[in-house]
There are 2 protein chains.
Amino acid sequence: MSNVTAAYSELEKRFARLSAISGAAAMLHWDSAAMMPAGGSGPRAEQLAVLSLLSHEMLNSADFGDLLDKAENDASGLNDWQCANLAEMRNRWRHATAVNPELVEAHSHATSRCEMQWREARLNNDFASLVPALKEVVQLTQRIADAKSAAFDVSPYDALLEEYEPGCTSATIDALFDDLEAFLPGFLGEVLEKRKDAPPVITPEGPFDEAIQKQLGQEFMTALGFDFNHGRLDISHHPFTGGIPDDVRLTTRYETDDFTQGLMGTLHETGHALYEQGLPKEWRSQPVGSARGMALHESQSLLIEMQLSRSQDFLAYALPRIKAAFSASGPAWDIGNIERLYLNVEPGLIRVDADEVTYPLHVILRYRLEKALLSGDLPVEDLPAAWTNGMRSTLGITPPNDRLGCLQDIHWPSGAIGYFPTYTLGAMAAAQIYQASAAEIPDFTDQIRNGRFAPLLDWLRQNIHSRGSSQSMESIMQLATGAPLTADAFKAHLRNRYLP
Amino acid sequence: MSNVTAAYSELEKRFARLSAISGAAAMLHWDSAAMMPAGGSGPRAEQLAVLSLLSHEMLNSADFGDLLDKAENDASGLNDWQCANLAEMRNRWRHATAVNPELVEAHSHATSRCEMQWREARLNNDFASLVPALKEVVQLTQRIADAKSAAFDVSPYDALLEEYEPGCTSATIDALFDDLEAFLPGFLGEVLEKRKDAPPVITPEGPFDEAIQKQLGQEFMTALGFDFNHGRLDISHHPFTGGIPDDVRLTTRYETDDFTQGLMGTLHETGHALYEQGLPKEWRSQPVGSARGMALHESQSLLIEMQLSRSQDFLAYALPRIKAAFSASGPAWDIGNIERLYLNVEPGLIRVDADEVTYPLHVILRYRLEKALLSGDLPVEDLPAAWTNGMRSTLGITPPNDRLGCLQDIHWPSGAIGYFPTYTLGAMAAAQIYQASAAEIPDFTDQIRNGRFAPLLDWLRQNIHSRGSSQSMESIMQLATGAPLTADAFKAHLRNRYLP
């Protein structure tokens, strides 16, 4: 036992309670998406609102700040993890108290309304109908950003970024994205040029039985180290990873005419799930035991989906199993064709359907636009035009309508400004981490080709997962890869894969 | 709008919050039984404990009693439902505050330990190993009963009964059970005697595909009026009905060699579920909107399972559908044989497997024993002997061991004393309610034989479900059937069915 103060102990107790509440909410979120009949949505929204309110009230109780001060003023008895935990506690409290409750509530209601309006607007390809609701969300998000900016002493955008990627600044992102933007368009041109000489991709013909798709996904999940005693695989409209580290609920969706969607969804979410399952067991109910941030989380899903699962080595292991599962044969199932299918590159209108070469360009566009929305430089009304211009200049294509343009993502209507960049930070981190693991694991290629993923998982557990939030993202990257996060490994990866 | 006081409004707000918390807990309970992987149990227990604690703290907040006083002192502006709601609020608060928090917590921990110990003890047929834990539970339950007895001014046993069947007393139960006990043993003898002349039951041969069993169950649920937009059917080890009225989660279990278990489980739980779905919509988040008590709840499940589903009329509708689903034919599927299968009467050792004739004898035995346990007249150590004697005198059979005897039920280890009688009160109420509905619904027999269950459901909705807790059980029975609850209809039902 370390010599902790009463204040620190009391804080651990309170955060354990908060963790139980947020864990309950996480389960109910999963249930809403994977299990709940439509008629349950009203009371479910109420349940989630009450749980969120209770957490907020707990963090805003009168003595919370005092407890933090006391614990910080006499932290000599705390070990490193406890110190890191205390810092994370302070951070959670800061976020909960920086904004006044009325603003939080107004924002929450505005985003609920705006999300509903967005579904309608997207369906009807009617951006104008979204403008009033989106304006309200942007204005309230600006007020939140201003309040947090004042409290944290960072820029308003960076204050929002803090929620998703603590410690990250737009200065860092600008440098990384500039680097990528200098590289990608030219690289993309070369890839598209080279593809002209490649044989055409033959699409494997279904139907692919859903039960078999699920079995196959579970087989790969098990091989990758997912612990089904602490999690489940189910179906939802949008694949996601929910639940809690001891009970990870991941979802995918199956298309009967295309097995790759369900499988890649499963593999992507398995990367997230392995991170959650690998978080330090003894800190499960404390802030320091949480995942470090969205970028590192996305790095783990992309490491499995993009770095590993689309590699030649993985395909050598997986393809015979996929073919056996579907009793498939014929030229569409040649490894060369499947590889071309997996690594198809093509500028498209929809971010979530994008390949790994063009994906960052979608993100960079959104990053630029959301900063301009937040600063007020871009009025909400002007978003469609700015979007179209951006798509034309970055990807060289023009959305035929807003539905395939600025209405495609739920992020802004739901008030999430500062989230988009983490996708591409994650892609870069995935490449850098995968490269480091491959260099350190003996016979790496051989292990993967033979479906022995334990060395990779062990490496990730040790270097990423088990650190929880005990270190900053920066220092986790430094410790794991020997360097800060750069775009180098990602660029090298793209070159090796697409222009070998 | 009625002219309600600020105090009453505030109470409604607080109970809506409590309802959201208990609704969240109900969903997590369902998930634990139907979805959760084993490894999730630790954090789940914590989530449920925290939610329960939060509710308890809310009800115990300093101003709650004052609010109730104020609302009651100026209730002139309240309509009947609001008055009834206020009375239910007072009752919930009474239960939450009658026992000091330390005792509640000690009881909760003791029952958790004892339930675990019970699983072990039952597995090993080792009652002695359960004695210390069960003694602790009984002692703490006695202290709770004493505290509530003092607060409510009723006997300790009646104080416990209040939790499950508000307003019911052991005097009432004694009278009803005495009546039954005077009737059942003689009746049982006659039924067994008569059965000797009947052809032997041929058991339909499986295997019965689980997916088909589920489809069939869903077909009957839909026919009976279950709304799948507000509920689901899943699998759990013990069938139960959970969730909330807007999202009822019921479960059953399937045996591949016996389709009746899964189907009867589904039909029984559908009765519970229809009650929940039929509770008054405008009072969903308030105490007055809840089901009246466990006896009325059980009456609704037994009305569907026992009164309706095992009737000749229902079988005329259902059997062709069951045969078609399983592509079944042969003498085992003759309606006469299926009826004999459904209506088999045989004294057995296990309550949950008992037929409707012998079931009340199991319950009466437990009722007598639990009263003696609570009063201290029966020391825990003497339970096995008392059980064996009781089985011998009521059912004429002797359990070969405690596993098939006093170790079979989880109720006492989980601290539920006062629950058992509600099963048989429910069976009696089911018969009385079914009789009344059959008398009032035109062409009742014809409707059932043709699978038209809407008139029955409408009648139940109007006379039982939609009343919520706005009236006492007694007055609901009086209004619905024109008489207080007696054993008469149940006895008449048994005579008609088994000795026609």
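Let me begin with how the two chains were compared: copies are superposed by least squares on the C-alpha atoms of residues with pLDDT of at least 70 in both. What we have is a predicted model, in which local features need pLDDT of at least 70 and side-chain atom pairs count only at pLDDT 80 or more, while totals for chains, interfaces and linings use all residues. Residues are numbered from 1 along each chain as its sequence is written, and chains are lettered from A, with ligands numbered from 1, in the order in which they are written.

On that basis, chain A is superposed on chain B by a rotation of 180° with 0.0 Å of shift along its axis, at an RMSD of 0.1 Å. This is the relation of a two-fold axis. The same surface serves both copies, in that 100% of the contact residues of chain A recur in chain B, where two residues are in contact if their C-beta atoms, placed from the backbone, lie within 7 Å.

The contact takes 29 residues from chain A and 29 residues from chain B. On the side of chain A that touches chain B, the elements that give two or more residues are helix H1 (6-34), helix H2 (41-59) and strand E1 (231-235) of chain A, and the largest share, 8 residues, comes from H1(A). Helices (H or I, at least four residues) and strands (E, at least two) are DSSP runs, numbered from the N terminus. By class, this side of chain A has 15 nonpolar, 8 polar and 6 charged residues, with Ala, Val, Leu, Ile, Met, Phe, Trp, Tyr, Cys and Pro counted as nonpolar, Asp, Glu, Lys and Arg as charged, and the others, Gly among them, as polar.

Turning to chain A by itself, we find 20 helices and 3 strands. The radius of gyration of chain A is 23 Å, close to the 23 Å that the globule rule gives for 500 residues, so chain A is as compact as a globular protein of that length; the radius is taken over C-alpha atoms, and the rule is 2.2 Å times the number of residues to the power 0.38. Taken along the principal axes, the C-alpha atoms of chain A fill a box of roughly 70 × 55 × 50 Å.

The domain assignment of chain A, whose bounds come from an automatic or database assignment, gives domain 1 (1-98) and domain 2 (155-500). Their C-alpha centres lie 29 Å apart, and 19 residues of domain 1 of chain A are in contact with 18 residues of domain 2 of chain A. On the domain 1 side, H1 and helix H4 (80-98) of chain A are the elements that give two or more residues, and H1(A) supplies the largest share, 11 residues.

In chain B, an open sheet of 3 strands has the order E1-E3-E2, with mixed pairing, and strands E1 (231-235) and E2 (241-244) of chain B are its edges, each pairing on one side only. Two strands pair if DSSP finds at least two bridges between them; E2(B) and strand E3 (residues 247-252) of chain B do so in the antiparallel sense over 4 bridges, and B:Thr241 has B:Leu250 in E3(B) as its bridge partner.

Finally, some backbone details. The peptide bond from A:Gly206 to A:Pro207 is cis, with omega near 0°, and A:Pro207 is in the loop between helix H8 (170-195) and helix H9 (210-224) of chain A. In chain B, the bond from B:Gly206 to B:Pro207 is cis, with omega near 0°.
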